[in-house]
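Colleague: I'm new to this one and would like a close look at a single part. Could you take me through the salt bridges and the loops around them?

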Amino acid sequence: MSNFQPTTRNIEITDLARVLEINNANTPGVSQLTMAELQTDFENSLHALAIDNEHGEVCAFCITFDPDAPEAGSNHQWFAERYKSFVYLDRIAIDSSHQNRGLGALLYQSVEQHMFKSAEHSLLCCEVNLEPPNPGSLRFHKRIGFSECGVQSTAPGYAVTYLQKLLC
């Protein structure tokens with residue numbers, strides 16, 4: 001029996017190769033990145049959180065941006081055009097051997113705790129693919145309190161639903 005006790009921590013620069021590996025193994029649920037793109041996201045992030053596995057290796061991560069983050073992409077821009085104050089969860093990915101263990105919920109809880117502590121933003125935003133479909137992610141986000149606030153198709157075969165959760 002494993003006594004794996006996951007906790008979140010800040011991503012360090014030395015984690016980026018593993019984070020990139022996890023990210024790109026989770027496409028199309030998240031968009032594929034190059035190392036340069038990941039480094040830019042890391043440098044511009046509000047939160048960059050990781051969870052380590054039983055062996056001390058990153059097995060899950062998430063990256064968020066504040067409203068003024070540069071180079072945060074078109075989905076972030078969609079929220080920035082509509083809301084003054086928010087935290088945008090740009091990407092979350094979990095190594096396939098650690099999925100369905102509550103790590104996604106733990107990462108979201110950690111982001112929410114950081115938001116509560118800073119008291120700067122109370123709206124958490126993200127998007128989930130409708131095309132290609134990601135029904136598991138939609139169910140997850142509904143279960144943890146997100147609601148739809150928009151839909152957009154930006155290219156043939158690609159559409160997202162925009163989601164938000166107001167923290168009290």
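Modeller: Here is a walk from the whole chain down to the salt bridges and then to a few loop residues.

A word on the ground rules: this is a predicted model, so local features need pLDDT of at least 70 and side-chain atom pairs count only at pLDDT 80 or more, while totals for chains, interfaces and linings use all residues. Residues are numbered from 1 along each chain as its sequence is written, and side-chain values use heavy atoms, with hydrogens and water left out.

Let's start with the overall picture. The protein chain has 5 helices and 7 strands, where helices (H or I, at least four residues) and strands (E, at least two) are DSSP runs numbered from the N terminus. In sequence order, the pattern reads β-α-α-β-β-α-β-α-β-α-β-β. The radius of gyration of the protein chain is 15 Å, close to the 15 Å the globule rule gives for 168 residues, so the chain is as compact as a globular protein of that length. (That radius is taken over C-alpha atoms, and the rule is 2.2 Å times the number of residues to the power 0.38.) Along its principal axes, the C-alpha trace spans about 45 × 40 × 30 Å.

Of the 168 residues, 44% count as buried. Buried means under 20% relative accessible area, exposed means over 50%, and partly exposed is in between, using a 1.4 Å probe and protein chains only. Among contacts in the chain with a separation of 6 or more, 62% come from residues 24 or more positions apart; a contact means heavy atoms within 4.5 Å.

Now for the charges. The protein chain carries 11 positive and 20 negative side chains, and the centres of the two sets lie 10 Å apart. Here Lys and Arg count as positive and Asp and Glu as negative, with His and the chain ends not counted; each charge is placed at NZ of Lys, CZ of Arg, CG of Asp or CD of Glu. Side chains of opposite charge can pair when their charged atoms come close. A search of the whole structure turns up 9 salt bridges, each being a side-chain nitrogen of Lys or Arg within 4 Å of a carboxyl oxygen of Asp or Glu.

One of its partners is E21, with the closest N and O atoms 3.1 Å apart. R18 and E21 both sit in helix α1 (residues 16-25), 3 residues apart, about one turn of the helix. R18 also meets D95 in a salt bridge (2.9 Å, N to O). D95 lies in the loop between β4 (87-94) and α4 (103-118) and R18 in helix α1, so this pair ties together parts that are 77 residues apart in sequence. With 21% relative accessibility, R18 counts as partly exposed, while D95, at 17%, counts as buried.

The loop between β4 and α4 also holds R101, which pairs with E54 from the loop between β2 (47-52) and β3 (58-65), so the two tie together parts 47 residues apart in sequence. R101 is partly exposed at 38% relative accessible area, and E54 is partly exposed at 37%. N100 lies in the loop between β4 and α4 too. N100 has a positive phi of about 60° although it is not a glycine, and at 81% relative accessibility it counts as exposed.

Elsewhere, R9, D15 and D52 are linked in a network of salt bridges. For a buried loop residue, look at I11, found between β1 (8-10) and α1, with 6% relative accessibility. Leaving out residues up to four places away in sequence, I11 touches L16, V19, F42, A48, L49, A50, F61 and C62.

Some loop geometry is worth a glance as well. Most residues other than glycine have a negative phi, and most peptide bonds are trans. A119 lies in the loop between α4 and β5 and counts as exposed at 66% relative accessibility. As for cis bonds, one joins T27 and P28, with omega about 10°, and P28 is in the loop between α1 and α2 (35-44). The peptide bond from E131 to P132 is cis as well, with omega near 0°, and P132 belongs to the loop between β5 (123-131) and α5 (135-143).
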